[in-house]
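User: I am new to this structure and would like a short walk through it. Could you start with any term I will need?

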Amino acid sequence: MRALRRLALALLLAIPSLPAWAQEPISNLPRNQTLIVENPEGTIKNAGWFNIWAINAGGQSTGLHQLAMDTFWYIDPQRGIDGVWMNSLASDKPVYNADFTEMTVKLRSGIFWSDGVEFTSADVVFTTELHMKTNGMRWSAPFQINVASVSAPDKNTVVFKLKKPNSRFHALFTVRWNAVWMMPKHVFEKVVDPLKFDFNKPVSLGQYVLHSYDPNGKWFIWQLREDWQRTTLGRYGQPGPKYVAYVDPGPPDKRVIAQLNHELDIIHDTSAEGMFTLAKQAKTSRGWFKGFPYAHPDPTLPSVIFNHQLEMFKDRRVRWALALLIDIKAVSMASYRGAATISAIAIPPTGTHTESYHAPMEAWLKDFELDTGKRKIKPYNPNIGKEIADMLRPSMGDAIPKSADEIVKSFGRGWWKPDPQAATELLEAAGFKKVGNQWQTPDGKPFSVRIVVEGDLRPIMTRAGSMIAQQWRQFGIDARTDVAQGTLVDRRNGGDFDTIISWSVETWGGHPDLSFFLDSWHSQFVSPAGRVQTPRNWQRWSSPELDKIIEQIRTVGFDDPKSLQLGQDFVKLAVQEMPVIPLMAYNVFTVMDETYWKGYPSAESDPYTDPVPNWGNSRAMMVKLKPTK
Amino acid sequence: MNAYAIYALKRLFQFVLVVFIGINLAYLITHLTPIDPVEQTVSAATMFGSTSPEAIQMMRQSLRELYGVGGSAFDQYVTFWRRVLVGDFGPSLSAFPTPVSTLIGRALPWTAGLLTVSTIISFTLGNLLGGLAGYYRDSRTLKAAGIVAMAVHPIPYYIIAFVVLIVFGYLWPVLPISGGYRMNTAWGWNTAFALSIITHAILPVASLVLVGIGGWFMGMRSLVSNVVTEDYVTYAELAGVGRGKILRSYVMRNALSPQVTGLAMSLGSIFNGAIITEQVFGYPGLGTLLIQAVHAGDYSLVIGIASVSIVAVSVAVLVIDLLYPLLDPRVKVS
């Protein structure tokens with residue numbers, strides 16, 4: 001017993017000395033030269049794999065595609081360092097022939113791989129031809145479908161001859177999150193099977209090279225190249241961080257703790273609650289917006305997606321009735337705790353879209369009339385963004401912006417007025433009827449709607465779905481959520497849903513062209529019921545009017561003003577037809593700690609890029625960040 | 001053939017049967033899941049980029065061929081067993097073409113190390129303290145320890161883990177809360193790496209020990225309370241044998257046999273425990289790998305991990321079964 005007591009006492013005395021030997025900096029790299037960033041891919045199970053051209057064999061946003069890869073062009077989802085369009089490996093924009101069957105690219109000279117070999121058109125030709133002759137590489141299919149031949153008249157020129165006209169072929173090489181990355185010919189030409197080659201250690205075309213990595217996939221460290229000037233970003237000056245570490249900090253609560261301890265400079269995304277905690281407790285932490293809603297609105301549009309192959313959703317009056325039963329303020333509160341940026345139109349309210357689409361179409365939306373069958377109504381309420389701000393102000397105080405402009409940027413503009421009477425009229429006009437408290441379909445069955453949500457894997461969307469189900473249920477529709485945790489992809493792709501909270505609208509963000517997602521909405525790509533649908537027309541909507549718009553977009557150039565006009569035509573059609581009910585931008589709670597670094601992008605002072613660090617575009621941050629110490 | 005050899009053969013046959021049924025169940029369950037690995041891969045590869053629907057359809061076809069997920073169910077089942085019998089679970093479908101065995105080999109030492117250490121610590125401490133508490137029933141310190149053990153034991157593991165995390169990671173941030181070792185520390189047999197591994201393991205081990213110790217404590221205390229009333233203990237006391245010797249040689253030794261059986265049974269929960277521990281503490285290992293594999297529909301990897309755990313637990317139980325008659329002469333194999 002005495003021995004036991006002595007042991008307990010010794011342990012007790014040892015506790016105060018714990019900090020002395022247990023507490024240590026997060027790494028042995030100089031902290032004031034190291035930027036620590038969350039990699040949302042989490043733990044990479046195949047950490048030693050850097051061949052990004054093999055599909056999903058290893059990690060991507062481990063810094064690999066942000067810091068070591070490069071391609072012809074980048075479109076920034078915000079404003080860009082010196083404009084939205086960035087010529088990267090290309091020295092100019094793509095040049096097409098008249099019928100879009102040939103694309104010529106002029107390359108920037110003086111760019112070198114990290115092992116000292118010069119980047120030339122031979123690398124481009126090699127990349128293209130390897131994908132054309134090898135099945136199963138990440139971009140094999142688009143090359144095989146589009147490219148007839150590729151040639152290099154000189155070391156700085158590449159000519160692609162296409163199998164059929166494609167005015168958007170350059171999109172394949174234009175980074176919006178990622179794009180086709182160039183391969184080092186001198187490395188891969190010695191490889192027998194490019195699908196079984198790990199590319200470890202990777203030869204880099206970006207400003208950083210791999211320094212070290214955890215074989216367990218918890219962290220990857222990149223070091224600034226000594227010859228950083230010989231990369232495409234070299235013209236913007238020396239990057240601030242000497243080292244960039246991409247780490248897996250764990251679930252949202254641990255990310256918050258890590259940043260409070262100044263061990264995580266950039267949180268990729270956390271919960272709304274985590275963001276509010278950091279805003280209150282950490283003076284050095286900031287989001288994209290300095291105040292509410294803090295988060296960055298990504299060019300992705302969470303919506304209620306109908307399955308148009310179900311009889312009950314074929315009538316637009318039904319879709320509109322369901323839209324008019326949604327109180328977006330309640331959905332905003334339930335999902336993002338109010339930190340949502342709403343959109344009534346099928347365009348994400350972010351980047352340059354607010355100027356290209358949301359602002360110019362405001363007058364049209366105010367005048368838009370909907371025929372309920374008994375009367376015409378004007379369903380648009382332009383003040384909902386402001387109403388959300390007013391609703392939050394008593395509890396959030398000064399964090400809520402006051403000026404009309406800031407409110408629009410933060411919370412969005414207007415949305416549809418909840419109007420149960422109009423919804424009743426629309427449903428009745430469509431042949432539905434209410435028996436007792438329950439709505440029935442025209443064939444006398446209960447009007448039952450399942451809303452598929454992703455559960456804990458995407459809590460914000462799940463909470464939005466639950467709120468919408470509750471609102472529809474209060475109206476007498478048998479609505480409930482159906483949690484598809486882990487199976488959402490299969491159910492969405494297979495059309496196994498009534499409605500689903502997801503997104504089928506994703507855009508460039510920084511460019512008004514909508515082909516990025518809209519081309520896939522053409523009816524030629526809609527699968528029959530029961531067959532797998534290819535992205536992104538998850539709603540399986542077929543519309544001759546839409547097909548006409550898409551076909552016209554295909555014939556005009558990317559920067560042609562007609563493209564914007566056609567985009568606005570799509571928006572009008574989508575409002576009239578309501579193929580999906582747009583809700584809000586996918587707001588990402590990226591939180592940046594200014595303890596060690598300054599110069600992060602921000603909505604107010606310097607919106608030079610999307611801060612969300614898993615985007616390939618986030619490389620722009622490295623040249624703008626400067627150490628504080 | 002003597003009785004022990006027959007007993008050992010029976011146990012060996014049971015072992016083979018359990019492993020065979022277990023692996024078949026793992027195969028069946030993973031193949032009944034609605035998650036399609038090809039769809040998951042296609043979705044992950046195209047969710048951000050601009051890839052045309054035609055190209056995606058072509059990619060889908062290529063991946064089906066590459067992953068070898070075509071063919072009849074029977075052919076797939078036969079191929080599977082051919083591979084398993086030579087210890088090959090094929091390539092991981094979510095980290096293609098890396099073999100499943102490579103991924104498991106990388107993760108297993110972390111899980112096995114963490115959970116073996118925590119199980120041994122909680123088993124040893126719990127039984128030691130429980131034995132003392134059952135023998136020295138008047139000790140206030142040990143009574144207090146009993147109350148603490150009873151209070152902590154029913155608390156769900158994730159609550160304990162979270163409390164430990166908050167206390168030592170946030171309120172009094174003295175210990176690392178994530179990873180298996182310090183970032184950028186070179187692997188090797190050196191003090192810095194070893195210390196780094198130990199400091200990173202303290203919180204995960206402590207949380208597992210806190211939860212695990214109570215069961216051993218209460219079980220041992222109860223067993224000892226019964227043993228001390230036996231005639232041979234009373235006789236030893238009357239004969240003037242020292243209390244320490246009585247406790248060590250007569251009481252604890254006799255009370256330990258059922259606990260050893262319990263230890264074998266608890267090995268099964270080692271692999272279950274890995275999942276939550278690794279998620280909460282960001283600790284590397286099989287738990288994280290398993291969750292990733294399930295979400296990706298990577299059934300090769302799921303079966304590989306399940307098979308490893310089935311074999312490991314079965315081997316542990318077999319070893320205990322075979323040693324038991326040798327350790328405890330009261331157990332008659334005939």
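Analyst: A residue is called buried if 20 or more other C-beta atoms lie within 10 Å of its own. Please note that this is a predicted model.

User: Then how many residues of strand β10 of chain A are buried?

Analyst: Five of the six residues in β10(A), which spans residues 219–224, are buried, and the strand is mostly covered.

User: Which way does strand β9 of chain A run relative to β10(A)?

Analyst: Strand β9(A), residues 208–213, runs antiparallel to β10(A), and five bridges join them. A:Val209 stands opposite A:Gln223 of β10(A). Five residues lie between the strands of this hairpin, where A:Gly217 has a positive phi near 80°.

User: And what joins β10(A) to strand β11 of chain A?

Analyst: Five bridges do, and β11(A), residues 243–247, is antiparallel to β10(A). A:Ile221 has A:Ala245 in β11(A) as its bridge partner.

User: Changing topic: at what angle do helices α9 and α15 of chain A pack?

Analyst: The angle is about 160°, with the axes of α9(A), residues 316–323, and α15(A), residues 420–429, 8 Å apart. Angles over 145 degrees count as roughly antiparallel, and α9(A) and α15(A) are therefore roughly antiparallel to each other. Their crossing is left-handed.

User: Which residues make that contact?

Analyst: From α9(A) they are A:Arg317, A:Val318, A:Trp320 and A:Ala321, and from α15(A) they are A:Ala423, A:Leu426, A:Leu427 and A:Ala429. Seven of these residues are nonpolar, one is charged and none is polar.

User: Lastly, how many residues does each chain give to the contact of chains A and B?

Analyst: Chain B gives 57 residues and chain A gives 61. On the side of chain B, α3(B) supplies the largest share, 10 residues.

Notes: Residues are numbered from 1 along each chain as its sequence is written. Chains are lettered from A and ligands numbered from 1 in the order in which they are written. This is a predicted model: local features need pLDDT of at least 70, side-chain atom pairs count only at pLDDT 80 or more; totals for chains, interfaces and linings use all residues. Axes are lines fitted to C-alpha atoms, for helices over the stretch in contact, and angles run from 0 to 180 degrees between N-to-C directions. Helices (H or I, at least four residues) and strands (E, at least two) are DSSP runs, numbered from the N terminus. Angles under 35 degrees count as roughly parallel, over 145 as roughly antiparallel, 65 to 115 as roughly perpendicular and the rest as oblique. A crossing is left-handed if the near helix is turned anticlockwise from the far one by less than a right angle, and right-handed if clockwise. Two residues are in contact if their C-beta atoms, placed from the backbone, lie within 7 Å. Ala, Val, Leu, Ile, Met, Phe, Trp, Tyr, Cys and Pro count as nonpolar, Asp, Glu, Lys and Arg as charged, and the others, Gly among them, as polar. A residue is buried if 20 or more other C-beta atoms lie within 10 Å of its own, exposed if 12 or fewer, and partly exposed in between; C-beta atoms are placed from the backbone. Two strands pair if DSSP finds at least two bridges between them.
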